[in-house]
Amino acid sequence: GKPYHVPGNTGVVNKLRTIYGWLGDKYAKYALSQLGPAALSTDYGDLSDVRRVQEKLQCKNFDWFMHNVYPDNVLIKSLGDAQYHGLIKAADPTSSKCLAFTRTSGASQPCKTK
(Lines give C-alpha, C1' and ligand atoms only; values in the text may rest on other atoms or scores of the structure.)
Protein backbone atom coordinates (compact mmCIF):
# COMPACT_ATOMS: atom_id res chain seq x y z
CA GLY A 1 0.00 0.00 0.00
CA LYS A 2 0.83 3.66 -0.06
CA PRO A 3 1.58 5.75 3.01
CA TYR A 4 -0.60 8.50 1.53
CA HIS A 5 -3.93 8.85 -0.26
CA VAL A 6 -4.07 9.58 -4.00
CA PRO A 7 -7.45 11.13 -4.86
CA GLY A 8 -9.67 9.67 -7.58
CA ASN A 9 -7.92 8.30 -10.64
CA THR A 10 -4.79 10.47 -10.31
CA GLY A 11 -2.54 7.41 -10.44
CA VAL A 12 -4.07 6.18 -13.70
CA VAL A 13 -3.95 9.68 -15.22
CA ASN A 14 -0.25 10.01 -14.33
CA LYS A 15 0.49 6.60 -15.83
CA LEU A 16 -1.38 7.53 -19.01
CA ARG A 17 0.49 10.84 -19.29
CA THR A 18 3.77 8.96 -18.99
CA ILE A 19 2.70 6.37 -21.56
CA TYR A 20 1.39 8.83 -24.16
CA GLY A 21 3.94 11.53 -23.41
CA TRP A 22 7.11 9.46 -23.37
CA LEU A 23 6.75 5.90 -24.67
CA GLY A 24 5.38 6.57 -28.16
CA ASP A 25 2.99 4.38 -30.11
CA LYS A 26 5.37 1.44 -30.50
CA TYR A 27 5.70 0.83 -26.74
CA ALA A 28 2.46 2.38 -25.48
CA LYS A 29 0.43 -0.68 -26.48
CA TYR A 30 2.44 -2.86 -24.09
CA ALA A 31 2.03 -0.48 -21.15
CA LEU A 32 -1.66 0.15 -21.88
CA SER A 33 -2.36 -3.58 -21.89
CA GLN A 34 -1.32 -3.65 -18.23
CA LEU A 35 -3.72 -0.86 -17.14
CA GLY A 36 -6.97 -2.52 -18.17
CA PRO A 37 -9.81 -1.38 -20.42
CA ALA A 38 -11.07 1.44 -18.14
CA ALA A 39 -7.82 3.34 -18.69
CA LEU A 40 -8.52 3.62 -22.42
CA SER A 41 -11.44 5.94 -21.77
CA THR A 42 -9.69 8.04 -19.11
CA ASP A 43 -8.87 11.65 -20.02
CA TYR A 44 -5.16 12.27 -19.41
CA GLY A 45 -5.18 15.93 -20.44
CA ASP A 46 -3.10 18.05 -22.78
CA LEU A 47 0.49 16.95 -23.38
CA SER A 48 1.74 20.24 -24.87
CA ASP A 49 3.83 20.97 -21.77
CA VAL A 50 5.47 17.54 -22.01
CA ARG A 51 6.30 18.12 -25.68
CA ARG A 52 7.81 21.56 -24.89
CA VAL A 53 10.08 20.05 -22.24
CA GLN A 54 11.13 17.29 -24.64
CA GLU A 55 11.99 19.85 -27.33
CA LYS A 56 13.79 22.17 -24.92
CA LEU A 57 15.92 19.33 -23.53
CA GLN A 58 16.36 17.76 -26.99
CA CYS A 59 15.17 14.42 -25.66
CA LYS A 60 15.62 11.29 -27.73
CA ASN A 61 12.55 9.11 -28.17
CA PHE A 62 11.89 5.95 -26.17
CA ASP A 63 12.74 3.70 -29.10
CA TRP A 64 16.24 5.22 -29.15
CA PHE A 65 16.54 4.51 -25.42
CA MET A 66 15.44 0.89 -25.79
CA HIS A 67 17.91 0.19 -28.62
CA ASN A 68 20.89 2.23 -27.42
CA VAL A 69 20.76 2.42 -23.64
CA TYR A 70 19.01 -0.85 -22.77
CA PRO A 71 19.24 -3.17 -25.81
CA ASP A 72 19.14 -6.30 -23.61
CA ASN A 73 15.59 -5.62 -22.39
CA VAL A 74 12.84 -8.20 -22.77
CA LEU A 75 10.76 -6.27 -25.32
CA ILE A 76 13.61 -5.84 -27.77
CA LYS A 77 14.83 -9.41 -27.37
CA SER A 78 11.48 -11.18 -27.54
CA LEU A 79 9.34 -8.92 -29.70
CA GLY A 80 11.76 -6.88 -31.77
CA ASP A 81 9.82 -5.18 -34.51
CA ALA A 82 7.04 -7.79 -34.61
CA GLN A 83 3.77 -6.39 -35.92
CA TYR A 84 1.71 -8.64 -33.62
CA HIS A 85 2.25 -10.32 -30.28
CA GLY A 86 0.20 -12.03 -27.61
CA LEU A 87 -1.77 -15.16 -26.91
CA ILE A 88 -4.27 -17.16 -28.92
CA LYS A 89 -6.66 -19.10 -26.69
CA ALA A 90 -7.96 -22.49 -27.76
CA ALA A 91 -11.56 -22.53 -29.01
CA ASP A 92 -12.27 -25.46 -26.70
CA PRO A 93 -13.65 -23.90 -23.47
CA THR A 94 -12.35 -26.84 -21.43
CA SER A 95 -8.76 -26.21 -22.56
CA SER A 96 -6.46 -24.05 -20.47
CA LYS A 97 -3.78 -23.83 -23.17
CA CYS A 98 -2.81 -20.80 -25.24
CA LEU A 99 -0.31 -20.23 -28.04
CA ALA A 100 2.22 -17.56 -27.16
CA PHE A 101 4.09 -15.87 -30.00
CA THR A 102 7.28 -13.89 -29.97
CA ARG A 103 9.30 -12.62 -32.90
CA THR A 104 10.95 -15.96 -33.57
CA SER A 105 8.78 -18.69 -32.08
CA GLY A 106 5.43 -19.91 -30.85
CA ALA A 107 4.72 -22.25 -27.97
CA SER A 108 1.83 -23.80 -26.10
CA GLN A 109 1.56 -22.66 -22.50
CA PRO A 110 -1.06 -22.27 -19.75
CA CYS A 111 -3.24 -19.20 -20.33
CA LYS A 112 -2.87 -16.27 -17.97
CA THR A 113 -6.12 -15.24 -16.33
CA LYS A 114 -6.90 -11.75 -15.11
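**Exercise 1: A tyrosine and its ring partner**

Tyrosine 27 has a relative accessible area of 5% and is therefore buried (buried means under 20% relative accessible area, exposed over 50%, partly exposed in between, with a 1.4 Å probe and protein chains only). The model is predicted: local features need pLDDT of at least 70, side-chain atom pairs count only at pLDDT 80 or more, and totals for chains, interfaces and linings use all residues. Residues are numbered from 1 along each chain as its sequence is written, and side-chain values use heavy atoms, with hydrogens and water left out.

Task: Determine how the rings of tyrosine 27 and phenylalanine 62 are arranged.

Solution. 
Step 1. Rings of Phe, Tyr and Trp (its six-membered ring) pair if their centres lie within 6.5 Å; planes under 30 degrees apart count as stacked, over 60 as edge-to-face and the rest as tilted.
Step 2. The ring centres of tyrosine 27 and phenylalanine 62 are 5.3 Å apart and the planes stand at 80°, so the pair is edge-to-face.
Step 3. Because tyrosine 27 lies in helix H1 and phenylalanine 62 in helix H3, the pair ties together parts that are 35 residues apart in sequence. Helices (H or I, at least four residues) and strands (E, at least two) are DSSP runs, numbered from the N terminus.
Step 4. Phenylalanine 62 is partly exposed, at 23% relative accessible area. Ring pairs join Tyr27, Phe62 and Phe65 into a cluster.

**Exercise 2: A second ring pair**

Task: State how many aromatic pairs a search of the whole structure finds, and classify the one formed by tyrosine 20 and tyrosine 44.

Solution. 
Step 1. The search of the whole structure gives three aromatic pairs.
Step 2. In the pair of tyrosine 20 and tyrosine 44, the distance is 4.4 Å centre to centre and the angle between the planes is 15°; the pair is stacked.
Step 3. Tyrosine 20 belongs to helix H1 and tyrosine 44 to the loop between H1 and helix H2 (48-56), so parts that are 24 residues apart in sequence are tied together.

**Exercise 3: The nonpolar core**

Task: Identify the residues of the largest nonpolar core.

Solution. 
Step 1. A nonpolar core is a set of buried Ala, Val, Leu, Ile, Met, Phe, Trp, Tyr and Cys residues joined through side-chain atoms within 4.5 Å.
Step 2. The largest nonpolar core has nine residues: Leu16, Ile19, Leu23, Tyr27, Ala28, Tyr30, Leu32, Ala39 and Met66.
Step 3. Helix H1 (residues 10-35) gives the largest share of this core, seven residues.
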